[in-house]
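Here are my notes for a colleague who has not looked at this structure before. They are set out as numbered points, to be read with the display.

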Amino acid sequence: MLIRKPDAIQSSEITPERVWRARRDLILGAGVAAAGLGLPGWAGRAWAANAPVGEPAVLPGQASPLSVMDKQTSLSDITSYNNYYEFGLDKSDPAAHAGKLQTRPWTVSVEGEVGKPRTFDIEELLKLAPMEERVYRLRCVEGWSMVIPWVGYSLSALLKQVEPTANAKYVEFVTVVQRDNMPGVRAGVLDWPYVEGLRIDEAMHPLAMLVFGLYGKVLPNQNGAPLRLAVPWKYGFKSAKSLVKIRLVEKQPVSSWIKAAPQEYGFYANVNPAVPHPRWSQASERRIGEDGLFSPKRKTLPFNGYADQVAALYQGMDLKANY
Ligand code: MTE
């Protein structure tokens with residue numbers, strides 16, 4: 001995921017851990033440690049931050065036919081092995097630092113090429129459509145994957161509320177910046193806020209999900225509270241966390257990763273074992289919690305196993321050119 005000097009890495013199969021460490025040392029140095037907020041590296045702590053009695057609020061969802069049957073990743077892995085660079089570069093940083101994220105009050109403005117632009121309060125969004133539990137695969141571009149029982153509903157339910165115009169060809173997602181609470185923002189790393197985008201038909205696809213919870217409880221901060229995207233047929237970086245603005249636009253948005261490393265990250269970012277990342281293969285993956293580091297990896301599936309549902313969106317497109 002993170003950008004290294006091209007000459008710093010020779011092999012195409014370097015463990016992601018080394019990547020993060022190198023990047024962390026390069027950019028943050030002792031900075032993050034010095035700025036360390038003193039929160040324990042315990043996932044449950046950040047999760048409990050918004051709940052008065054130290055327990056996350058329950059958020060049940062109706063079982064969904066869109067769920068996959070794969071064995072679910074454990075709650076502790078889902079909440080302690082994260083990418084949320086606003087909180088640091090190590091996988092353990094989000095759980096350690098995201099307790100500071102302020103998730104109330106919270107609004108999401110939905111604007112741009114729409115008939116009825118509107119700012120939604122999080123309490124409204126929680127009631128906008130029936131909550132569903134959908135077990136989705138998440139495949140990170142770094143080569144690991146998880147299976148997560150998200151709670152939420154299709155993004156289309158929200159987008160329909162604002163009545164997209166005929167000019168709405170793309171959707172841009174902007175996520176929160178709380179500089180004082182986010183050590184990774186203070187350290188630089190990316191050009192904040194974290195921005196992602198989808199084509200309008202991708203955003204309207206039923207699988208594209210607005211997520212408010214996981215494992216039947218409200219989202220832990222490190223997983224993108226109070227609401228995030230889950231776009232399961234794309235690499236995980238498309239699934240932006242802690243959304244504050246959704247803009248419907250005519251031109252293809254420039255995402256944070258494209259801005260940072262255009263030679264490495266494309267707009268579509270569909271999971272595709274046939275298109276390697278410039279510095280490593282995408283043909284296989286390590287399922288977190290299931291396989292040891294030295295166990296054989298799983299084969300990565302086109303569109304992360306969702307080809308039957310989404311391949312038609314890309315009919316006639318060269319997916320090697322549009323990676
Ligand atoms: N959203 C924001 N705002 N900041 C981030 O750094 N990381 C992305 C994505 N959403 C990221 C983000 C990446 S690279 C991945 S793989 C997923 O979140 C990880 O989600 P998880 O930590 O809940 O597994």
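1. What volume does the largest cavity have? The volume of the largest cavity is about 320 Å³. Please keep in mind throughout that this is a predicted model.

2. The lining of the largest cavity consists of 24 residues. Lying nearest its centre are Asn 83, Arg 228, Gly 236, Ser 239 and Lys 241. Strand E5, which covers residues 144–154, supplies the largest share of this lining, with 4 residues. By class, the lining has 15 nonpolar, 6 polar and 3 charged residues.

3. Where does the ligand sit? The ligand is in the largest cavity. There are 16 residues around the ligand, and those that come nearest are Tyr 85, Glu 86, Arg 228, Ser 239 and Lys 241. The shell around the ligand is made up of 7 nonpolar, 6 polar and 3 charged residues.

4. The side chain of Lys 241 has an N or O atom 2.7 Å from an oxygen atom of the ligand. For Asn 223, an N or O atom of the side chain is 3.0 Å from a ligand oxygen atom. Thr 175 has a polar side-chain atom at 3.3 Å from a nitrogen atom of the ligand. The ligand taken alone exposes 530 Å², and 100% of that is buried by the protein.

5. The second largest cavity has a volume of about 50 Å³. Its lining includes Tyr 136, Arg 137, Leu 138 and Arg 139. Also in the lining are Trp 150, Ala 230, Val 231, Pro 232, Lys 234, Gly 236 and Ser 239. Which strand gives the largest share of this lining? That is strand E4 (residues 132–139), with 4 residues. The lining of the second largest cavity divides into 6 nonpolar, 2 polar and 3 charged residues.

6. Some backbone details deserve a look. Most peptide bonds are trans. The bond between Arg 104 and Pro 105, however, is cis, with omega of about -10°. Pro 105 is placed in the loop between helix H5 (93–97) and strand E2 (107–112).

7. Another cis peptide bond runs from Ala 225 to Pro 226, and its omega is near -5°. Pro 226 belongs to the loop between strand E9 (217–218) and strand E10 (228–230).

8. Is the phi of Val 189 positive or negative? Phi of Val 189 is positive, near 75°, in a residue other than glycine. Most residues other than glycine have a negative phi. Val 189 is located in the loop between helix H8 (183–187) and strand E7 (195–199).

Definitions and conventions: Residues numbered from 1 in each chain as written. Predicted model: local features only at pLDDT ≥ 70, side-chain atom pairs only at ≥ 80, totals over all residues. Heavy atoms only, no water. Near = heavy atom within 4 Å. Polar contact = N/O pair within 3.5 Å; in protein donor to acceptor, adjacent residues only side chain to side chain. Areas by Shrake-Rupley, 256 points an atom, 1.4 Å probe, with all protein chains shown as cover. 1 Å grid on protein atoms, 1.4 Å probe; cavity = no way out; pocket = protein on both sides within 12 Å on 5 of 7 lines; lining within 4 Å. Sits in = over half its atoms within 2 Å of the grid points. Nonpolar A, V, L, I, M, F, W, Y, C, P; charged D, E, K, R; others polar. Points joined across faces, edges and corners; volume = space filled by probe spheres on them. Helix = DSSP H or I, 4+ residues; strand = E, 2+ residues; numbered from the N terminus.
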